[in-house]
Amino acid sequence: MVIDFKIIPMKRTLLLFMLMMTIIASSCNKDKESERFTLLTSRTWTSDSLLANGVDASDPGEMLALFKGDADFNKDGTGTFGQYTGTWMFTDNETNVAITSPDLPFALTTHIVELTAVSFKVTFTFPGLIPANIRMTFKPK
C-alpha cells in the first residue's frame, strides 16, 4: 500500500475547515430575537377591550367573546388566544400578527397598533355581509 503524504495534510486542512464552517454556521443561524418578539412572547396578555365597530363585543354570544381572556404567544410559534389554540407569526416586517387555528374560519391577520411592555393593541377588518372594524387591546397579566 502506497501512502501519498500530500493528501493527509490536505485532508486535515479540509476537515479543520469544515469544522470551523460548521461552528460559524451554527452560531450565525441562531435567530436573534427582535424587541417585538421579546415583548410579545415574554408575558401573558389578558384582554382589556374587544370592540367591533367601537362597541364592546366580548360578552357571551358576541363576535369576539371567544377571544376574551388570556393570550399566550409562545416562542415556538404556538399559542392560545382566549379560547382558541393555534399558531402565530409576524408578517410584514413585524407590523402584523397572523393567527391560525382550526377553530377559526380563516387565518386572522391583525395590524399591530401598539406593542409595549404594558400594552398590546391590534386592529383588523372582519369580512362579511357587514364588515366589522375590530380593535382588540390587551395588557400584561
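Is Thr-46 buried or exposed, and at what relative accessibility? In this predicted model, Thr-46 counts as buried, because its relative accessibility is 18% and the limit for that class is under 20%.

**Thr-46 and its contact**
- Thr-46 belongs to strand β1, which covers residues 44-52.
- Its side chain reaches the side chain of Asp-70 in a polar contact of 3.1 Å.

- Strand β4 spans residues 78-81.
- Gly-79 and Phe-81 make up the covered face of β4, while Thr-78 and Thr-80 make up the uncovered one.

**β3 with β4**
- Strand β3, residues 70-73, pairs with β4 in the antiparallel sense, and three bridges connect them.
- Within this pairing, Ala-71 sits opposite Phe-81 of β4.
- The hairpin of β3 and β4 has four residues between the strands.
- Gly-77 in that hairpin takes a positive phi, near 90°.

**β4 with β5**
- On to strand β5 (residues 84-91): β4 and β5 run antiparallel and are joined by four bridges.
- Two of the facing positions can be named here: Phe-81 stands opposite Tyr-84 in β5, and Thr-80 stands opposite Thr-85 in β5.
- Phe-81 therefore has a facing residue in each of two strands: it is opposite Ala-71 and opposite Tyr-84 in β5, given that strands pair when at least two bridges are found between them.
- The hairpin that β4 and β5 form has two residues between the strands, and Gly-82 in its turn has a positive phi of about 65°.

**β5 with β6**
- β5 also runs antiparallel to β6, with five bridges joining the two.
- Trp-88 has Ile-99 in β6 as its bridge partner.
- Four residues lie between β5 and β6 in the hairpin they form.

**Aromatic residues**
- How many aromatic pairs does the structure hold? There are nine aromatic pairs.
- Phe-73 and Trp-88 form an edge-to-face pair, with 5.6 Å from centre to centre and 85° between the planes.
- Because Phe-73 lies in strand β3 and Trp-88 in strand β5, this pair ties together parts that are 15 residues apart in sequence.
- Phe-73 and Trp-88 are both buried.
- One aromatic cluster takes in Phe-37, Trp-45, Phe-73, Phe-81, Trp-88, Phe-90, Phe-120 and Phe-138.

**The cavity**
- Rolling a probe the size of a water molecule over the atoms shows where empty space is left.
- The structure has one cavity of 30 Å³ or more.
- The largest cavity has a volume of about 90 Å³.
- Its lining consists of Phe-67, Ala-71, Phe-73, Phe-81, Gly-82, Val-97, Ile-99, Thr-110, Phe-120, Val-122, Met-136 and Phe-138.
- Which strands supply at least two residues of the lining each? They are β3, β6 (96-100), β8 (120-126) and β9 (132-140).
- By type, the lining residues of the largest cavity are ten nonpolar and two polar, with no charged residue.
- Several residues met above come back here: among the lining residues are Ala-71, Phe-73, Phe-81, Gly-82 and Ile-99.

**Positive phi away from glycine**
- Most residues other than glycine have a negative phi.
- Asn-53 has a positive phi, near 55°, and is a residue other than glycine.
- Asn-53 is placed in the loop between β1 and β2 (55-56).
- Asn-53 counts as partly exposed because its relative accessibility is 45%.

Terms used
Residues numbered from 1 in each chain as written. Predicted model: local features only at pLDDT ≥ 70, side-chain atom pairs only at ≥ 80, totals over all residues. Heavy atoms only, no water. Buried < 20%, exposed > 50% of the residue type's maximum accessible area, 1.4 Å probe, protein only. Phe/Tyr/Trp six-rings, centres within 6.5 Å; stacked < 30°, edge-to-face > 60°. 1 Å grid on protein atoms, 1.4 Å probe; cavity = no way out; pocket = protein on both sides within 12 Å on 5 of 7 lines; lining within 4 Å. Points joined across faces, edges and corners; volume = space filled by probe spheres on them. Nonpolar A, V, L, I, M, F, W, Y, C, P; charged D, E, K, R; others polar. Polar contact = N/O pair within 3.5 Å; in protein donor to acceptor, adjacent residues only side chain to side chain.
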